[in-house]
Amino acid sequence: MIYLDYQATTPLAPEALAAMLPWLESQHANPHSPHAPGRAAKAAVEVARGQVGALLPAGGRVAFTSGATEALNWAIKGTSGPIVTLATEHAAVLDTVAASGRPVTVLAVGPDGLVDLDVARAAITPGTGLVAAMLVNNEIGVVQPIAELAEIAHAAGALFLCDAVQGYGRVPIPATCDLVAISAHKIHGPKGIGALWVRDGAALVPLLHGGGQEAPGRSGTLSPALCAGFGAAAKVAAARSDEDAAHVRRLWTAATQRLGLGWQLNGSASNRYHGNLNLHREGLDVARLMADLRDIAFSAGSACASGSGRPSHVLRALGLSEAQTRSSIRIGFGRMTTEEELMTALDRICAAADAQRVAA
């Protein structure tokens, strides 16, 4: 199997697995208990908190959550006032703001997937409570001008929420964010844990009520194993930052040179994270393509929307037709992808797509 679905999830790093194993095999104490084993578990959690926080701005606190969806829900539901967000946001943002009962403005993006900052300035006015935008888009890899959007939000007196799930550990997170949502399994950590970074002084209403184990107001018993795995993955991401970035750039260059005629890139070619290759080809039957290439794991869209039968809202926001969105694929690669694997997969994808055109 050639795995090319890094935006959906990443392979678990060996270092993350090694950090987790003791807490799964023999060290089972509750990190919120006052006895010695509990204190040892808490110490492991705090080490992990520091490792995760090292890739985030200074002047805030990491609150562990069950994942980025919980973190985003908490950030949105824990604030007040009108909300401004983008049409290409993840469903965890768009569905949550729609359910919030608050006034919501959804900003359009251009054909390149980028928001127009002048349009944003006109929409983010005094009285706005929260501006929410994704750093790296999960479907098309486009990098939004987060620092500028945060500046506009602050000028209007609003808080700024950054969904940094796809960018954390890969793209610098602007220091001007107030709330940042991240997830472990996108950086070679375990599934089932994420975090919300909360700037000092930013007040949030709790989403989950109970013991209040996490200082900003999140209740629930933490898993030392998941925290340790997240921390180890973050530590490796920090240490390998330059190496991973160079590897992804090499793969991107090789991939774009290898692709045959007829493939069109979705989203900006320059303002993007290069481990995401989202393409469309006129007339491509993606379901048939995936059936013909069962030993290559790639995506027909975001994993969260797969199986819904709905065309991608992100691709539609770029102005693609429904037919074009349904003829798009997403190829995601990263640290553990070899160039040989990627070239082999691309050759087979192109050959299968060519065969469809001949058969038609």
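This is a predicted model: local features need pLDDT of at least 70, side-chain atom pairs count only at pLDDT 80 or more; totals for chains, interfaces and linings use all residues.
1. I'd begin with helix 6, which spans residues 146-155 and has Ile146, Leu149, Ala150, Ile152 and Ala153 buried. These residues sit on the same side of the helix, because the arc they cover around the axis is only 160°. The spacing makes sense: with 3.6 residues a turn in an α-helix, residues three or four places apart point the same way.

2. Turn to the face pointing away from the buried side and you find Glu151 and Ala155, both exposed. After the helix comes Gly157, which has a positive phi, near 85°.

3. Is Leu204 buried or exposed? Its relative accessible area is 14%, so Leu204 counts as buried, the cut-off being under 20%.

4. **Who Leu204 touches.** Setting aside neighbours within four places in sequence, the contacts of Leu204 are Trp74, Ala75, Gly78, Thr79, Leu179, Leu196, Val198 and Pro216. As for Arg218, it is 14 residues from Leu204 along the chain, with 9.9 Å between the two C-alpha atoms.

5. **Aromatic pairs.** The model has 3 aromatic pairs. One of them joins Tyr3 and Tyr6: the ring centres are 5.8 Å apart and the planes meet at 45°, so this pair is tilted, falling between the 30 and 60 degree limits. Elsewhere, Phe64, Tyr168 and Phe230 come together as one aromatic cluster.

6. **A leucine patch outside.** Finally, the surface has a nonpolar patch made by Leu12, Leu17, Leu21 and Leu24, with about 330 Å² of accessible area together. Where does Leu24 sit? It belongs to helix 1, residues 14-25. With a relative accessible area of 55%, Leu24 counts as exposed, whereas Leu204, at 14%, is buried.

Conventions: Residues are numbered from 1 along each chain as its sequence is written. Side-chain values use heavy atoms; hydrogens and water are left out. Rings of Phe, Tyr and Trp (its six-membered ring) pair if their centres lie within 6.5 Å; planes under 30 degrees apart count as stacked, over 60 as edge-to-face and the rest as tilted. Buried means under 20% relative accessible area, exposed over 50%, partly exposed in between (1.4 Å probe, protein chains only). Contact means heavy atoms within 4.5 Å. Helices (H or I, at least four residues) and strands (E, at least two) are DSSP runs, numbered from the N terminus. The arc is that of the directions from the helix axis to the C-beta atoms. Patches are made of residues with over 30% relative accessible area and no salt bridge: like charges are joined within 9 Å, nonpolar side chains (Val, Leu, Ile, Met, Phe, Trp, Tyr) within 5 Å. Accessible areas come from the Shrake-Rupley method with a 1.4 Å probe; for residues, only the protein chains shown count as cover. A salt bridge is a side-chain nitrogen of Lys or Arg within 4 Å of a carboxyl oxygen of Asp or Glu.
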